[in-house]
Structures are given as C-alpha cells and as structure tokens.
Amino acid sequence: MKRFSDFAQEEPVIEGSKAKMKEILDKEIEVLGYKLSSSKYKHGEECLTLQFEIDGKKHIVFTGSSVLIEQCKKYK
C-alpha cells in the first residue's frame with residue numbers, strides 16, 4: 001500500500017536575497033522557481049514569489065502583477 005507522502009508534492013524551497021522589481025527591469029535573469037500564495041496586504045488577491053539568478057547570485061522578488069501571475073500559471 002502506498003503512503004500519502006508518496007503522492008504529495010514537495011513545495012520548492014524559494015530562497016535568496018530580496019530584490020525589488022525595478023532592480024531587474026531590462027536585465028536578463030534566469031528564473032529558478034516560483035510560488036503563488038495569498039497576498040498578505042491585499043485580501044483576496046494572489047502574490048507571486050519569483051526566484052531568479054542574476055550574476056551568479058540567487059534573489060527573490062514579490063509581486064502582485066496579474067500578467068506575471070497568469071504567465072506562471074499558463075506555462076507551469
């Protein structure tokens with residue numbers, strides 16, 4: 001018999017130094033992962049945590065951008 005843990009998917013670890021969206025505009029980044037969650041600041045809205053690498057360092061950025069959220073859902 002299989003256990004529940006055999007079916008459960010682990011959440012990817014999203015780590016890195018926090019960056020602001022304006023710091024990465026017009027720069028080439030390598031997206032490593034993302035996580036969708038409920039926004040802590042806007043009730044009923046989603047928040048995207050995006051993990052990326054730039055210049056060999058891992059960073060994360062938080063955004064409520066509906067365009068980026070929909071793209072992550074579409075190209076999962």
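The model is predicted: local features need pLDDT of at least 70, side-chain atom pairs count only at pLDDT 80 or more, and totals for chains, interfaces and linings use all residues. Residues are numbered from 1 along each chain as its sequence is written, and side-chain values use heavy atoms, without hydrogens and water.

**Strand S3 and threonine 49**
- S3 spans residues 46-54 and includes threonine 49. Strands are DSSP runs (E, at least two residues), numbered from the N terminus.
- Seven of the nine residues in S3 are buried, meaning under 20% relative accessible area with a 1.4 Å probe, protein chains only.
- Threonine 49 counts as buried because its relative accessibility is 9%.
- Leaving out residues up to four places away in sequence, threonine 49 touches Ile14, Gly33, Tyr34, Lys35, Ile60, Val61 and Phe62. Contact means heavy atoms within 4.5 Å.

**Pairing**
- Strand S2 (residues 30-38) pairs antiparallel with S3 over eight bridges; pairing takes at least two DSSP bridges between two strands.
- Serine 37 stands opposite cysteine 47 of S3.
- S3 also runs antiparallel to S4 (residues 57-63), joined by seven bridges.
- Phenylalanine 52 has histidine 59 in S4 as its bridge partner.
- Two residues separate S3 and S4 in a hairpin, and aspartate 55 in the turn has a positive phi of about 55°.

Note on methods:
Helices (H or I, at least four residues) and strands (E, at least two) are DSSP runs, numbered from the N terminus. Buried means under 20% relative accessible area, exposed over 50%, partly exposed in between (1.4 Å probe, protein chains only).
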